[in-house]
Amino acid sequence: MTSLPDAELMQALPYARRYARALAGSQAAGDAMVAGALRAGLPELPGRLALYAGVTRLAGTEAPPGRLSALERQLLLLTSLEELEVGEAARVVGIEEAEAQRLLEQARQNLRQATATDVLIIEDEPVIAMDLRMLVQRCGHRVVGVASSETEAVRLANERPTGLILADVNLGRGGDGINAVRRIMQSVKVPVIFVTAYPERLLTAEEVEPAFIMSKPFDPLTLAISTYQAVTAGHMPID
């Protein structure tokens, strides 16, 4: 077992919490996994890899219903959401790099065959909203609407059947993405992914926070695994 220096631990914690929440599907369950990993002692790995490995060990081999195994989900999240190299991700989950590469290729193939859902996009920047629409559609999902403000988001969510919400946190003059989601959740219960250029601001453990957070800029694979995980985890966005 290893013990990280306090400064290194504090720097790694927000990202370990993001990973744990994505695995577990909620803030409470994810944060409990991180706390449990710290109590149990971390494996002998450098920096934040030790925290990722501790969380992965607690997550175990069970996965929600879907096309991906627990190990495939873990590897995809580590390499896409957390941006680890394949070799680093392999060390975290405790397998050889060649096996990790094989499983990642298999997982990406399975992602393309995953069940599609109806997505509401909440984004005030027209160019980013257009990019998100194209990426969502390339992932096999259907876009039911694009809202640029809190008011429009609430209206669209109540008017159109929605299986997933993809929401920017900062809507400029149009309000706040988290507030929009809280208002929507009063009448509609669907999983949500929050998109932000500053994920660490949503991972402070100082207040109620979202379960699924995706950093800007993002690529199609990151979006694909994030949407898949949010939909199949079956949890609400804010505990």
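Buried here means under 20% relative accessible area, exposed means over 50%, and partly exposed lies in between, with a 1.4 Å probe and protein chains only. This is a predicted model, in which local features need pLDDT of at least 70 and side-chain atom pairs count only at pLDDT 80 or more, while totals for chains, interfaces and linings use all residues. Residues are numbered from 1 along each chain as its sequence is written, and side-chain values use heavy atoms, with hydrogens and water left out.

Helices (H or I, at least four residues) and strands (E, at least two) are DSSP runs numbered from the N terminus. In helix H5, residues 86–93, the buried positions include Val86, Ala89, Ala90, Val92 and Val93. These residues cover an arc of only 160° around the axis, which puts them on the same side of H5; the arc is that of the directions from the helix axis to the C-beta atoms. After H5 comes glycine 94, with a positive phi near 80°.

A nonpolar core is a set of buried Ala, Val, Leu, Ile, Met, Phe, Trp, Tyr and Cys residues joined through side-chain atoms within 4.5 Å. The largest such core has 56 residues, and Val55, Leu78, Val92 and Leu166 have the most contacts inside it. Helix H1 (residues 6–24) supplies the largest share of this core, nine residues. A second, separate core comprises 21 residues, among them Leu120, Ala153, Ala157 and Phe194. Taking contact as heavy atoms within 4.5 Å, and leaving aside neighbours within four places in sequence, valine 92 touches Leu45, Leu49, Tyr52, Ala53, Thr56, Leu78 and Leu84.

Two strands pair if DSSP finds at least two bridges between them. S3 pairs in the parallel sense with strand S1 (residues 118–122) over four bridges, and leucine 166 of S3 is the bridge partner of isoleucine 121. S3 is also joined by four bridges to strand S4 (residues 192–196), again in parallel, with phenylalanine 194 of S4 as the bridge partner of alanine 167.

**Salt bridges**

A salt bridge is a side-chain nitrogen of Lys or Arg within 4 Å of a carboxyl oxygen of Asp or Glu, and the whole structure contains eight. Among them are the following pairs.

| Pair | N to O distance |
|---|---|
| Arginine 17 and aspartate 31 | 2.9 Å |
| Arginine 18 and glutamate 82 | 2.9 Å |
| Arginine 142 and aspartate 118 | 2.6 Å |

Glutamate 82 lies in the loop between helix H4 (70–81) and H5 and arginine 18 in helix H1, so this pair ties together parts that are 64 residues apart in sequence. Glutamate 82 is buried at 2% relative accessibility, and arginine 18 is buried at 6%. Arginine 17, likewise buried, has a relative accessible area of 7%, and a network of salt bridges links Arg17, Arg21 and Asp31. By contrast, arginine 142 counts as partly exposed at 45% relative accessibility, as does aspartate 118 at 22%.
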